[in-house]
Amino acid sequence: MADAILELMDVTVDFKGFLAVDSVSLSVGRGEVRTIIGPNGAGKSTLIDLITGKTRLKFGKIVFDGADITLRPPHEIAHAHGIGRKFQGPNTFFDMSVFDNLLLALRGSTRVRKNIFYRKTGDTRSKINDILKLIGLEDKEDALVSALSYGEKQWVEIGMVLAQDAKLVILDEPTTGMTADETYKTGEMIRAMRKDRTIIVSEHDMDFVRQVAETVTVMNQGKILAEGTFEEIRQNPEVISVYLKE
Amino acid sequence: MKKPNPRLKNIPRRAAMNVLLLTFILLYPLTAGLYRIDIMAKVIPLMVFALSVDLLWGYTGIMSLGQAVPFGIGAYIAAISNNVSVGIPSYMRTYGITEVPAVFRPLTNPYLGMALAILIPCLLSFVIGRLLLTGKVRGVFVSLITMALSNVLMLAVNNAQRFTGGSNGVNNVSRPSLFGHVLSITENYYFVALIAALAFAVCAALTSTKLGKVLGAIKVNENRVAFIGYNVTSYKVFIYVFSSALAAMAGILYARTCGMVSPSLTGLSLSISAIIWVAVGGRGHLTGALFGCLLLNGLERIMAGIIGDAWELVIGVILLLIVFCVPDGLVGTLLTARPKVKGLQKKEAANG
């Protein structure tokens, strides 16, 4: 791909002999919405852990936006390089308000000293308002996250990733535990947030994949099985045999 | 269906408790004799110590069982500095030491001694924090390692008799002096209370900043904080060093008020006592730490006179009751009690 924002070159993750990700090469173009599907244990989450620095790779190289991010610590990948991540299942600060969750995630200085003397500005307020509108929680900014429904918690986390103002947003199974209606709304959020971002989504729900995907990558047993448009993937006999038939 | 921010609702209640506490401390000397004023002046530095434990454990979730390390080092340096600034302490003379040992020479200047009593524990905590709080060691293992440090220090203090007075400790420490005038018992009481109030104000200001929010976030979900882009280790090391400075300051006040220091000030039992004060009062409110410390120390001094060592048993029972019945602590429960909203949250959690 001519203008790739993220490139994985032959990456391998070795969990004591088990190759969770086995020499995978993957290239994601700038501004693309990429969906990664695959059965449980295919290595989707491990691949995401790898990109965001949670898991260390054994071989290979990861280049993001021209910079080598291989084996960099998570906070550096998140802040300096601009890769935001939504975890599988809501992963928020449950005893804080929705507003505070977004405030913490909002792109700004992450240095200790700066955060002692930090003051909220009108700009902060309006940025957070925009995000609250996009995730549909305008009237719940003061509610504790622990008091929200499961789907709303997922949206708070999507909002946090948005607040980070990341160049690349990775969403790990964002619709888990959502009703069909909530899943659809989430799909619309993802379409709205893609304006100036690259998005990678790992997902199980095929209706949702059809709604958001441009290119679909199928993983199985730590390897990439196929890559193509949603229609191509749906008709790929190999994919059908390992995954879609289930 | 906009819900009121429960944290905002807390503020008047917390302020009311702080005012109550402050009034009590200000008026106490009017109701008590010198002996009791002096005892209370020894409790107030322990309240500052409790604040330092609350910052670390209550706000950030780091349970250090070695918080007595900075407290004890601060206390010892202050005591030795006070001694060597007027001559050779008697415990050194029994070892035939006729001039101030080279390592203690900077302490002959009382101001430098004071500064070092805070700086050295901070430096030590910085090094320990950098090694310990990287995220590889977590939870109970942090507690175990800090506990070991506490024991190591107590052994060292016990054995370096020539320098520390061994198990006898350092005696004849004078009360603080201001402008060449050594404070009387009552003056010292108000001096210690003033410093404690300032310490509380600084802690309250610090925890209400965005940094305070980051610390709270680290407490509930350390990983998430890193993936937002914060360097969790820096924040943990910062609060570890800050709370060490606070503990060291408490140690200095304690040493100068008590007039002596002993190895137990550096040991595990003081660290654990402070954890109990904070647990009983309630974690993460500052006010809870102050109340817990005051309550248990007050009770201890009253009860120990009546039932002696059986007090230790009573404190164990109190702790168990608190942990099982009011896990948020006494003050913590008072501050956060919102029967209606709480019921609603439970219902929603069940639905969610």
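**Overview**

Of the 246 residues in chain A, 47% count as buried, where a residue is buried if 20 or more other C-beta atoms lie within 10 Å of its own, exposed if 12 or fewer, and partly exposed in between, with C-beta atoms placed from the backbone. This is a predicted model, in which local features need pLDDT of at least 70 and side-chain atom pairs count only at pLDDT 80 or more, while totals for chains, interfaces and linings use all residues. Residues are numbered from 1 along each chain as its sequence is written, and chains are lettered from A and ligands numbered from 1 in the order in which they are written.

**Chain A**

- Chain A contains 10 helices and 10 strands; helices (H or I, at least four residues) and strands (E, at least two) are DSSP runs, numbered from the N terminus.
- The radius of gyration of chain A is 18 Å, close to the 18 Å that the globule rule gives for 246 residues, so chain A is as compact as a globular protein of that length. The radius is taken over C-alpha atoms, and the globule rule is 2.2 Å times the number of residues to the power 0.38.
- Along its principal axes, the C-alpha trace of chain A spans about 55 × 40 × 35 Å.
- Among contacts in chain A with a separation of 6 or more, 66% are accounted for by residues 24 or more positions apart. Two residues are in contact if their C-beta atoms, placed from the backbone, lie within 7 Å.

**Chain B**

- The secondary structure of chain B consists of 16 helices and 2 strands.
- For chain B the radius of gyration is 21 Å, close to the 20 Å given by the globule rule for 352 residues, so chain B is as compact as a globular protein of that length.
- Taken along the principal axes, the C-alpha atoms of chain B fill a box of roughly 75 × 50 × 40 Å.
- Of the 352 residues of chain B, 46% count as buried.
- Of the contacts in chain B between residues at least 6 apart in sequence, 80% join residues at least 24 apart.

**Where the chains touch**

- In chain B, 31 residues are in contact with 31 residues of chain A.
- Helices H9 (210-220), H10 (222-228), H11 and H16 (339-351) of chain B each supply at least two residues of the side that touches chain A. H9(B) gives the most to this side, with 7 residues.
- By class, the side of chain B that touches chain A has 15 nonpolar, 10 polar and 6 charged residues. Ala, Val, Leu, Ile, Met, Phe, Trp, Tyr, Cys and Pro count as nonpolar, Asp, Glu, Lys and Arg as charged, and the others, Gly among them, as polar.

**Helix packing in chain B**

- The axes of helix H2 (residues 34-59) and helix H11 (residues 232-258) of chain B come within 8 Å and cross at roughly 170 degrees. Axes are lines fitted to C-alpha atoms, for helices over the stretch in contact, and angles run from 0 to 180 degrees between N-to-C directions.
- This crossing makes H2(B) roughly antiparallel to H11(B); angles under 35 degrees count as roughly parallel, over 145 as roughly antiparallel, 65 to 115 as roughly perpendicular and the rest as oblique.
- Residues making the contact include B:Leu46 and B:Phe49 of H2(B) and B:Phe242 and B:Leu246 of H11(B). By class, the contact has 18 nonpolar, 3 polar and 1 charged residues.
- Helix H12 (residues 268-281) and helix H13 (residues 287-307) of chain B pack at an angle of about 115 degrees, with their axes 7 Å apart. That makes H12(B) roughly perpendicular to H13(B).
- Among the residues making this contact are B:Trp277 of H12(B) and B:Phe291 of H13(B). The contact residues divide into 10 nonpolar, 3 polar and no charged.

**Individual residues**

- Most residues other than glycine have a negative phi.
- A:Lys16, although not a glycine, has a positive phi of about 45 degrees. A:Lys16 lies in the loop between strands E1 (4-15) and E2 (18-29) of chain A, and counts as exposed, with 4 C-beta neighbours inside 10 Å.
- B:Phe179, also not a glycine, has a positive phi of about 50 degrees. B:Phe179 is placed in the loop between strands E1 (177-178) and E2 (181-182) of chain B, and is exposed, with 4 other C-beta atoms within 10 Å.
- B:Tyr35 lies in helix H2 of chain B and counts as exposed, with 9 C-beta neighbours inside 10 Å. The C-alpha atoms of B:Tyr35 and B:Ile185 are separated by 8.7 Å, although the two are 150 residues apart along the chain.
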